[in-house]
Amino acid sequence: MTTLFRCAVMDTPDDPFAGAALRSQQDCGIVVEQGVIRARGEFAEVRAEHPAAEVLDLREGIVLPGLVDTHVHFPQVRVIGGLGMPLLDWLDQCALPEEMRLADVDMARGVARDFVTGLVDAGTTTALVFGSHFASAVDVMFEAADLWGLRVTTGLVTSDRILPEPLLTTPERAHRESRELASRWHGKGRLRYAVTPRFSLSASDAILESCAQTLSETPGALFTSHVNENLREVEEVGQLFGGASYVDTYDRHGLVGRQTVLAHNVHPTDDELATLAARDASVAHCPTSNSALGSGLFPLRRHLEAGVRVAAGSDVGAGTGFSMLKEGLQAYFVQRLLEDRGLPLTSAHLLWLCTAAGADALGLAGEVGDLSVGKQFDAIWLLPEPGDPLAVGLGNAKSPEDALSKVFALGTTSDIGGVWVAGDQIAAGRWRRPPLA
Ligand SMILES: [Zn+2]
C-alpha cells in the first residue's frame with residue numbers, strides 16, 4: 001500500500017551545530033511504501049506523480065521525526081518523581097529498592113508494559129534502554145518492545161559490588177546470561193543488544209572485562225553505561241580504580257568506541273573529552289535528571305569543541321518523564337544558566353538533539369532521525385487541542401523556527417496526536433496499538 005502524507009513538516013537532516021538550518025515545509029507531500037519514504041516534495045507535485053496513493057491529510061498540526069531517547073531506564077518507570085536527593089542517595093532510597101522487585105517476572109512484565117506505554121505516548125520511537133539486573137526482566141522488556149515494533153536497544157545490567165546483594169552477579173554469569181539474551185533478541189525485528197555495566201562504581205575490572213568479551217562476540221551490539229554524573233561518585237570511582245579517570249575505567253577494557261553511548265558526563269576532564277572524541281563515542285545528555293538530582297550543568301560547549309557526539313536522553317526515572325520535548329527545553333535552560341560558558345540553543349538545535357543526533361549516536365542515522373527520502377517513516381504528529389496555548393502559539397508563530405520554539409516551550413505528551421514507526425501507526429490520541437492487557 002502507498003500512503004501520501006499531506007502535512008506541515010519540520011526536521012533537521014543536517015547538523016545545526018555545524019551551521020545547518022531547520023528544514024521546514026508548509027504543504028509537504030511524503031510518499032511512504034512498506035515503511036520507507038519513497039518521495040517528498042511540494043504536495044501538489046508529489047500528488048501529480050502519485051495519483052493512486054491514498055492521501056492522509058495531517059495539515060492541522062505539525063509532523064516531526066519520531067523522537068529518539070538515548071538513555072532511559074526501563075525498571076524505573078514507577079519511581080519517576082522522587083525529588084530532593086543527590087544521585088547516590090536517590091539510588092539507595094528510590095531506584096535500587098524498585099529495581100530489586102523486578103526479580104519477579106510478573107512484576108517485570110507490568111513494569112515493561114508501563115514503560116513501553118510511556119515511550120509511545122511521548123512519541124519516542126527509538127530508544128537505548130537501560131535494562132534490568134535480572135535476565136528474565138530483560139526478556140519481557142524485549143518482548144514488549146517487539147510487540148509494539150519500537151526500535152529498542154537494551155540488555156542485561158551487570159554489577160559485582162557495592163549494590164544490594166540481589167542485584168549482583170559474577171563475570172561468568174553476566175557473560176553467559178548476556179550471550180543468551182543476545183542470541184534470542186539481537187537483530188530480531190528492530191531490536192538490538194546493549195552491553196550494560198551499571199557504572200564502574202559497581203563494576204570491577206573483572207566484570208568490565210567480561211563486558212568486553214560479550215561485546216566482541218556480539219557484532220552490531222552497543223555499549224552503554226554512566227560516566228561523570230556526580231562529583232562524589234566521580235571521586236569514589238577514582239579511589240576504586242587507583243586514580244584512573246572515569247572514562248579510562250571503560251576505555252582500558254576497549255569499551256569506548258563508535259558503538260558506545262555514555263550517559264551524563266557532567267564533570268569531564270579535557271583528557272576524557274579528547275579520549276571520547278578520538279574513539280568516536282557519544283554522550284547522552286540528560287538535562288532534567290541532572291537538574292533534579294543537582295548533578296550539575298552540562299558543559300555542552302566543551303563537548304562540541306572537543307568533537308564529541310552529543311544526543312539527548314530522558315534518564316527516566318531520575319529524569320522527570322518520557323517527554324523528549326521537555327528534555328529539549330531543559331537542555332536550553334541549562335545552557336542559559338551557564339551564561340558565558342553555555343551555548344545559546346535554537347529550536348533547531350533542540351530538535352537535532354532529540355532526533356537526528358540520537359539516531360547518529362545509536363548508529364541508526366541511515367534509517368531514522370529525519371524524514372528524508374530513503375529513511376523509515378518514523379514520525380509524530382503534534383496536534384494540540386484548539387484554544388490551548390500551544391495551538392494559539394502555533395497559530396501566531398512568526399516563522400517555522402518560532403513555531404518549533406513554541407513546540408519545545410509548550411508541548412507535552414498529550415499534544416501528540418499520532419505516532420508512526422516504519423509507516424505503521426501505533427498511537428492516535430488516546431488510542432494505542434496493541435491494546436493494553
Ligand atoms: Zn541513567
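A residue is called buried when its relative accessible area is under 20%, exposed when the value is over 50%, and partly exposed in between. Keep that rule at hand as we walk through this structure, which is a predicted model.

R184 has a relative accessible area of 42%, so it is partly exposed. Why can such partners pair at all? Side chains of opposite charge can do so when their charged atoms come close.

How many salt bridges are there? The count comes to 28. One of them joins R23 to D11, with 2.8 Å between the closest N and O atoms. This pair links distant parts of the chain: D11 belongs to strand β1 (residues 2–11) and R23 to strand β2 (residues 23–33), 12 residues apart. Is each partner buried or exposed? D11 has a relative accessibility of 0%, so it is buried, while R23, at 26%, is partly exposed. The two also take part in a network of salt bridges that links D11, R23, R40, D370 and K375.

Another salt bridge brings together the side chains of E98 and R101, at 3.1 Å from N to O. Here E98 is buried, because its relative accessibility is 6%. R101, at 48%, counts as partly exposed.

Now find the zinc ion. Which protein atoms hold the places around it? The donors are NE2 of H71, NE2 of H73, NE2 of H226 and an OD atom of D315, and they lie 2.0 to 2.4 Å from the zinc ion. Along the sequence, these donor residues follow the spacing H-x1-H-x152-H-x88-D. H71 and H73 are both buried.

What is the arrangement of the donors like? A tetrahedral site with four donors needs all its angles between 85 and 135 degrees. For comparison, the ideal angle for four tetrahedral donors is 109.5 degrees. Around this zinc ion the 4 donor atoms subtend angles of 89 to 172°, and therefore the arrangement is irregular.

Next, look at the aromatic rings. The structure holds 9 aromatic pairs. In one of them, F115 and F322 have ring centres 5.6 Å apart and planes at 65°, so the pair is edge-to-face. F115 sits in helix α3 (residues 105–121), whereas F322 sits in the loop between β13 (309–312) and α12 (324–337), so the pair ties together parts 207 residues apart in sequence. F115 is buried, because its relative accessible area is 0%, and F322 is buried too, at 10%.

The pair formed by Y246 and Y250 is stacked, with 6.1 Å from centre to centre and 25° between the planes. These two residues are 4 apart in helix α8 (residues 246–251), so about one helical turn separates them. Both Y246 and Y250 are buried. Elsewhere, ring pairs link F5, F377 and W420 into a cluster.

To finish, visit two single residues. Where does T158 lie? Its place is in strand β8 (residues 157–158). T158 has a relative accessibility of 3%, so it counts as buried. Setting aside neighbours within four places in sequence, T158 is in contact with several residues, among them H133, T169, A174 and C211. The C-alpha atoms of T158 and Y193 are 14 Å apart in space, and the two residues are 35 apart in sequence.

The other residue is G220, in the loop between α6 (205–217) and β10 (222–227). Its relative accessible area is 52%, so G220 is exposed. Not counting residues up to four places away in sequence, G220 touches H186 and R192. From the C-alpha atom of G220 to that of L56 the separation is 36 Å, and these residues are 164 apart along the chain.

Conventions:
Residues are numbered from 1 along each chain as its sequence is written. This is a predicted model: local features need pLDDT of at least 70, side-chain atom pairs count only at pLDDT 80 or more; totals for chains, interfaces and linings use all residues. Side-chain values use heavy atoms; hydrogens and water are left out. Donors are N, O and S atoms within 2.8 Å of the metal (3.2 Å for Na, K and Ca); water is not among the atoms, so sites may look incomplete. Four donors count as tetrahedral if all angles lie between 85 and 135 degrees; four count as square planar and six as octahedral if opposite donors are over 155 degrees apart and all others between 65 and 115; anything else is irregular. Buried means under 20% relative accessible area, exposed over 50%, partly exposed in between (1.4 Å probe, protein chains only). A salt bridge is a side-chain nitrogen of Lys or Arg within 4 Å of a carboxyl oxygen of Asp or Glu. Contact means heavy atoms within 4.5 Å. Rings of Phe, Tyr and Trp (its six-membered ring) pair if their centres lie within 6.5 Å; planes under 30 degrees apart count as stacked, over 60 as edge-to-face and the rest as tilted.
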